[in-house]
Amino acid sequence: MSMVDLNELWRWAEDELESLWDQEKAIVTSLPEKHRHVLFSRLSLVYLRYIVVARQLDVCYSSMLHVQKRRDISAIMRAVLGRVVELKNELAILDFNETPFIGAALAQLKMSPEQTDPPLTLFVNGDRDGNASVRSASETERKQLVQRVLLKLERNPRRQLSADSASMTWDEAVALIQIHERARQGRLRFNLMKQIRQQKMATGRGLHKLKPAMNTYTAAIKIQNAWRSFLALKRVRQMRHQEMVFLGMVPKNYKENAEITRAKELEAMRTLKQTELEAQYQIELATLRDRQRDKDGAAIRESFLEQIRRWYIDHREHSGKFPDLPAEDEGGSKLIYNMADRPVETPVPVVVKKKVTAPPMAKTSSSMKRAEEDRPKGVDMAPSQWLEKIVHENQKYYDVWRDRAETGGVGWDMELLRAQVSEELNDEMRLEADIQARRELERLKSAYDRDRGRKSKGKRKTARKAAKKSKRGRKEKDLTPDRTLESLVEELVQVGIIRSYPKADIRDFLGSVAVVDPLSRKWKRDTFPGLGDIRSALIEYCILTLGSEEIRKRTPLTRSVLLAGPHGSGKSFLMHAMCNHIGATLFDISNSSLMGRYPGKAGMTMLIHLITKVSRLLQPSVIVIEDVDRLFMKKSVRMERWDMRRMRKELPKILRAIGPEDRVLLVGTSSTPWECDQRNLSQVFQRMIGIPPPDYGTRFTLWDHFIRQATRSSQYTTTPAELTNLARISDSYTPGSIARSVSEILSERRKQLLPRQALRADEFVSALARCEPVYKEDEENLRLWYAKTPCRRKRHRNAETEEEEFLAGNGSVKEKKKKKKKKKKGSKKMGVKSTKAKKKSK
């Protein structure tokens, strides 16, 4: 896209944000809705429109070369994504569902299900939090430390055991012995057959009678026959493929498409150019900042000091004592004077707020009761933490970029760069002036008290305040105060708790959003969400919140997530994809990783302390518990108990230690969650998401995707008719089984034979038959467990009431019930029989 098109797209996105702001203002100012589904439908439309705006801004961010524009686009994009996460949590509360149904809003906006995923450009290739250079140097050093320790100590990326423990499990040892024994028997058999063959050749029994030699003419004819048949078959195969492409039965070979190849090359060149311009911009910014500091830094700092000193003197003349300079958390000297490009000469007087006396409690309670009675009951939209920032960034676009002319040849605007440097220099000099002014204030107070013959009590008061604060905010005792972070990381890597993970992209978790009639979805209470709903939910609950510190602090806190589904449904893939997108450190505290380590109560205390301490230092962090059914099993197995009960009691402590400022997430996976104690499970995991087996459309897409990925081309893929047959016969099979079947059949040898031997659908049947399907009993158990989760129980109760209202019509059933209840209560209170009862008694 050209620069003009990108600017127009950016303008459209900003105009759309302005209209969304007006729409949300109308929702807030309107009366509360009586029915949840009305507010849910209105907010789902706003939610989808925000996602559309975020996707358009993502196109602008990925395609632009202007550094300052990309920074402003990333800022507004983070604000929009924060609002998306906020709305997703509100929709989940209104719909009583972790994956709220938005099919009706999709149909109303005429959007495809593929457009519901928020963009992830800010969380790919290290470009997190808007810009990789924004991240602190300490965070980068810690990530490099973990990578260095993993490369040095971890041999097996899946599992690394300590030297004092067993080198492998019982099953692994048996498998290794079987492999070596079969190899030994194979070598013996080969030597025996070799000796028998040599003996036969020596005695002459193995020699066959030689056929008469073929003449040159016959040999040439046979060679020509074979070559012409090969050429004819190749030509027929090409003609058949061209005919199927013409009819639309087979897709074109996109690998040989020159336009797509050129587009990929341009994208790579654009990314390289963006990196170069970003580096040049940082150099120019640092040079200009140093030059401006050397030129005007001292004068600006001195002007700030003069204004603070004048404020001290004025306050001393009016009140008779020196004031306290506001703390930096409260704004510092910004509260004293207005900050613009340059400091204002005349200080702004500090306004002391008078205490407003509250009315009597009786009047307050009565007025509150009247206000509550007058206010209609219903469901309101929760207040937003992001709308103010969205409006601010939108206004910044209109003030700076909307009517600004483009400057050619450079990736930034020098006028804006100078203004940015001036603002940063003012803030820096103001901080230095505040520090110096506080020192001068202490000296002034001590001199003033000395002249009046008083002792200074400032230090004593501050000491008392500090002691009180320390008592209030008492922290947990550090069990490893003398150990460095590197030694702690090495210990956890050697034990196998910190481990590496394979590369994965959550966008490869294929599946569509569930598009079902809302009424049938409410009353069929055991319906599973679509795989696209699960993908979007994990992007918004986990990746966006853990990837950005600002989004984490301003959105509802998600501490733990449970992924439940059959083997091969993609639980581990989703977990690794989350870690890849946010660059997280993976802590594995599964039952298999902790077997035989940190025994006893003291060992468990040390383990919990190490996990909480190191996960905070290496955030973002993901703490994983695989197969949580072993940990929360109703009847635990004696062989795998170790300290399961103690670990189960300590898990809530890890969750309570996670605050809004900590980018730490607990993720659990389970294949048989119905065997767990539901009460203990709901106490640990905040969100529970069930992953069902894929439906027909998803299986069709999976077969096509895995075959294309294995062959690296669409020329040798099967036809849609064959893919349809594969999708039908793979019913009740998971994506893992389909991927395993494709990788088993399409070996390197089979890929080499593809030009001569076409790929058939029946080749995958034998490999698929060797995989384990999801049986009906297991699927029904998963469905029943999912229906008993806390969120689904609320949904069921709400669905039952809505169903009764719908079937009764105009609420007549409820009115009868209310009347009956009132009669019973009145008769009990009065203790007198009703008139009908008196007549009957007479």
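These notebook entries record what I looked up in a predicted model.

**Entry 1. Ground rules**

I number residues from 1 along each chain as its sequence is written, and I use heavy atoms for side-chain values, leaving out hydrogens and water. Because the model is predicted, local features need pLDDT of at least 70 and side-chain atom pairs count only at pLDDT 80 or more, while totals for chains, interfaces and linings use all residues.

**Entry 2. The sheet**

I looked up the strands, which, like helices, are DSSP runs numbered from the N terminus (strands, E, at least two residues; helices, H or I, at least four). I found an open sheet of 6 strands in the order E1-E3-E4-E5-E2-E6, with mixed pairing. Its edge strands are E1 (498-499) and E6 (687-690), each of which pairs on one side only. I took two strands as paired if DSSP finds at least two bridges between them. Strands of a sheet pair through backbone hydrogen bonds, either parallel or antiparallel.

I then asked how many residues of strand E5 are buried. In E5 (residues 664-670), 7 of its 7 residues are buried; buried means under 20% relative accessible area, exposed over 50%, and partly exposed in between (1.4 Å probe, protein chains only). Val664, Leu666, Gly668 and Ser670 point one way from E5, Leu665, Val667 and Thr669 point the other way, and all are buried.

I followed the partners of E5 next. Strand E2 (residues 560-564) runs parallel to E5 and is joined to it by 5 bridges, with alanine 564 opposite serine 670. Strand E4 (residues 621-625) is also joined to E5 by 5 bridges, and the two run parallel; here serine 621 stands opposite valine 664.

**Entry 3. Backbone angles**

Most residues other than glycine have a negative phi, and most peptide bonds are trans.

- The peptide bond from glutamine 619 to proline 620 is cis, with omega near 5°; proline 620 lies in the loop between helix H18 (600-617) and E4.
- Phenylalanine 96 has a positive phi, near 50°, and is found in the loop between H3 and helix H4 (103-109). With 15% relative accessibility, phenylalanine 96 counts as buried.
- Lysine 110 has a positive phi of about 60° and sits in the loop between H4 and helix H5 (137-153). Lysine 110 counts as exposed because its relative accessibility is 78%.

**Entry 4. Lysine 69**

Is lysine 69 buried or exposed? I find that lysine 69, in helix H3 (residues 67-95), is buried, since its relative accessible area is 3%. The side chain of lysine 69 makes a polar contact of 3.2 Å with that of asparagine 7. A polar contact is a pair of N or O atoms within 3.5 Å; within protein, one must be able to donate a hydrogen and the other to accept it, and residues adjacent in sequence count only if both atoms are side-chain atoms.

**Entry 5. Cysteines**

A disulfide is a covalent bond between the sulfur atoms of two cysteines. I searched for cysteine sulfur atoms within 2.5 Å of each other, and the count comes to 0 disulfides. I also noted that cysteine 579 is buried, with a relative accessible area of 0%, and that cysteine 791 counts as buried at 18% relative accessibility.
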